[in-house]
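Subject: Structure for your files

Hello,

Here is the structure I said I would pass on. My notes on it follow below.

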Amino acid sequence: MQHFDRPRPTDGTPRGNLPLELDAFVGRSAELTRLTEALEGSRLVTVTGVGGVGKSRLAARTAARADGAWRVELAAVRDPDLVSYAVVESLGLTDQTSRAPRELLLDRLAGRQLLLVVDGFEHLVDACAALVGELLRHTPGLRVLAVGRRPLEIEGERLFPLAPLGDAEAVELFEERAAARVPGFALDDGNRSDVRELCRRLDGIPLAVELAAGRLSALSPAQLLSRLEDRFRLLTGGGRDALPRHRTLRTAIGWSHELCTSEERLLWSRLSVFAGRFDLEAAEYVCGGDGLHADHVLDVLGALLAQSVLAREETPAGPRYRMLDSVRAYGADWLAASGDAERLRRRHRDWYMGLATWCELDWFSPRQAEVAARVEAELPNLRRALEYCLTEPGETHLGQYLAGSLWFYWVGCGRLAEGRHWLERGVELDSDRDQSRLKALWVLGYVAILQGDTVSALTALQECREEALRTGNPTALAYAEHRAGCLALVGDDMRRAETLLRSALDRYHEIGELNSNVLMGQVELAMALAFQGDLPAAVRLCEDVRRVCEDHGERWALAYALYVLAYEALAAGDPARAGELLVRCLDIAHTFHDLLGTVLALELLALVTTVQGDPAEAAVLQGAAARLWPSVGLPLFGSAYYNVPHERCEADAREQLGDEGYEECVRAGERLGREAAVARALRRPGQRPPGAVPAPRRPAPDTQQPAVSHTSKGGGTTG
């Protein structure tokens, strides 16, 4: 099969996102071989079977044999419209245009060889089938390994029904998991028959076997078997016939549930309100109280962990917990039966509202990278909270506020498309809270600007400004004016941009606003001034931004200030300093997955490289930038101001390399993935380490001319 054991590409593109296995994989050698063979003969294979039978684990182990395997988890996704967003997110694709996610996937997967593992799709089968079918029709290098309790039922699908473990493998699994829970446990003549019968009664379903093994710290195998027999008799009126496998699993989960203490059962049901993974703080807030003190949550959580009801995972955002879908569904049924589900959903919403508010404030701090990682980890739960707010009566204003408060993530971390999805859903609904709606409007305008959608941006910002004036909201008015200035910058109206941005900055000062947005307003004003030839004033603004960023530990806005300072340094005849500034700018932008900052830095770095005498490397960087621009928007914004440095670099490189040599280098750059291109640019010889920022120097004199010729058309925005 062409997917397996292929030579690894050299473009630096990550080769997958499969999670590392935290415990031993037991048995299934025959199934692994057969599933691998099935993938060799079909581009779509669906592993089906009852819950808990080990579908996900088998698929992950099989996919790990492939070079280029990506896993999409859909269990936490509830909105069919978000299926394509989830795939984009899992593949690590970043796009800042207004293209629909499906269009982005078709474009970015064209020509690639990869295996896509789509897990937990059964509740979204129609949307998932439509997307998978379209991707398979248009991307010949794609193979899909689907995992669910039912088929996708699309053309070309090959089914792989997965049966439970055989007797010997089930016993082996029980022994391995039991030994991990109870040090020193081993099968012997005293317990072997009980364990074998226990696994047989559990039909060899791995999840049921693991739940049983998790009880060995309190019960012996004989006691486990006795209690399980009682449970089966209760359900079947004393019959000994084999139960259907789905009932066996539910019986095993219910039996494990009965063995829990009242507090453990209560926490189990309440934890089902989370989508995907969660952390201890969230569990304590959402699930504590009314029968379970928040201080006891940690101990009860530990007990559920020991019983395999929960799993613990280490992530960039710290340790997190998760439930398997079958276990979560059982808890959700109990929560609904208790009549407490609505209260828990509100508490879940409240926690993630608070988290988003805290993250928005903490974005303007040295913890920006931590904030970005935290929101990334919490995205499934934030989606759940947004969905709740935008579908429940009387909650619309909270959904608008939540979508607006996440502006830093949508804009600063490459999530424009999903941000626009939630923002547009929010502003389409009526709300009796003007402040929340106004925030959603200016953020929507900002996102639309960055996507190159001028009409939508103008519509949102105009409504925001009019409503801000009507309701006397100075904060919303400042933001609307700021983003209107940004829009003028994109539209090449430099005088209007300067007027609006100066007015917005004055308004920010009057209301005491200081954050990353305000700093970006200064940088955008600096660009408008630079494009009008006033480089000294632009430098003064950006040096001030740099000082504030250093005081507060802000890095995202700092990157754009460094870009403008590099622009001026190159104009002043100091390419070495310009290169140092751009390396730092690129390093920061790439850290936040900010494509706009990344590609701008690469473009100007190409000119610096030509000036420093390496036209071949400059052409490679231009090629790398050319590959990124379709994910950002119109190359160089269609701006003459940005295009002149590009044209100068190209002309100089062509003159020194010849047309054929230049084109060959550009093609080499276009073959580089984003990771490889950035790594190459950051390794430029003679540069300081990426963490070092050159010290500020005196601005260029007033007679200094900008690096680009002043034409009738220009513009562009860094933010």
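Helices here are DSSP runs of H or I with at least four residues, numbered from the N terminus. By that numbering, D290 lies in the loop between α12 (280-287) and α13 (297-306). Please keep in mind that this is a predicted model.

The phi of D290 is near 50 degrees, a positive value in a residue that is not glycine. With a relative accessibility of 60%, D290 counts as exposed, since the cut-off for that class is over 50%.

Helix α13

On α13, the buried residues are V297, V300, L301, A303 and L304. Viewed down the axis of α13, these buried residues fall within an arc of 160 degrees, so they line one face of the helix. The partners against which the buried residues of α13 pack are α11 (262-271), α12 and the strand β7 (318-322). Just after α13 comes S308, which has a positive phi of about 65 degrees.

Strand β6

A311 belongs to strand β6 (residues 311-315). Is A311 buried, exposed or partly exposed? Its relative accessible area is 25%, so A311 is partly exposed. Setting aside neighbours within four places in sequence, A311 is in contact with L305, R320, Y321 and R322. For a sense of distance, A311 and M520 are separated by 209 residues in sequence and by 42 Å in space, C-alpha to C-alpha.

Helix α7

The buried residues of α7 (residues 192-201) are D194, V195, L198, C199 and R201. These cover an arc of only 160 degrees around the axis, which puts them on the same side of α7. D203 follows α7, and the phi of D203 is positive, near 60 degrees.

Helices α3 and α4

Two packed helices are described by the angle between their axes and the distance between the axes. For α3 (residues 83-90) and α4 (residues 101-109), the angle is about 40 degrees and the axes are 8 Å apart. α3 and α4 are therefore oblique to each other. The crossing in which α3 passes α4 is left-handed. Which residues make the contact? From α3 they are S84, Y85, V87 and V88, and from α4 they are P101, R102, L104 and L105. Sorted by type, the residues of this contact are six nonpolar, one polar and one charged.

Helix α28

T598 sits in helix α28 (residues 595-611). The relative accessibility of T598 is 0%, so T598 counts as buried. Which residues does T598 contact, leaving aside its neighbours within four places in sequence? They are L586, A589, H590, L628 and V678.

That is what I have on this one.

Regards

Notes: Residues are numbered from 1 along each chain as its sequence is written. This is a predicted model: local features need pLDDT of at least 70, side-chain atom pairs count only at pLDDT 80 or more; totals for chains, interfaces and linings use all residues. Side-chain values use heavy atoms; hydrogens and water are left out. Axes are lines fitted to C-alpha atoms, for helices over the stretch in contact, and angles run from 0 to 180 degrees between N-to-C directions. Helices (H or I, at least four residues) and strands (E, at least two) are DSSP runs, numbered from the N terminus. Angles under 35 degrees count as roughly parallel, over 145 as roughly antiparallel, 65 to 115 as roughly perpendicular and the rest as oblique. A crossing is left-handed if the near helix is turned anticlockwise from the far one by less than a right angle, and right-handed if clockwise. Contact means heavy atoms within 4.5 Å. Ala, Val, Leu, Ile, Met, Phe, Trp, Tyr, Cys and Pro count as nonpolar, Asp, Glu, Lys and Arg as charged, and the others, Gly among them, as polar. Buried means under 20% relative accessible area, exposed over 50%, partly exposed in between (1.4 Å probe, protein chains only). The arc is that of the directions from the helix axis to the C-beta atoms.
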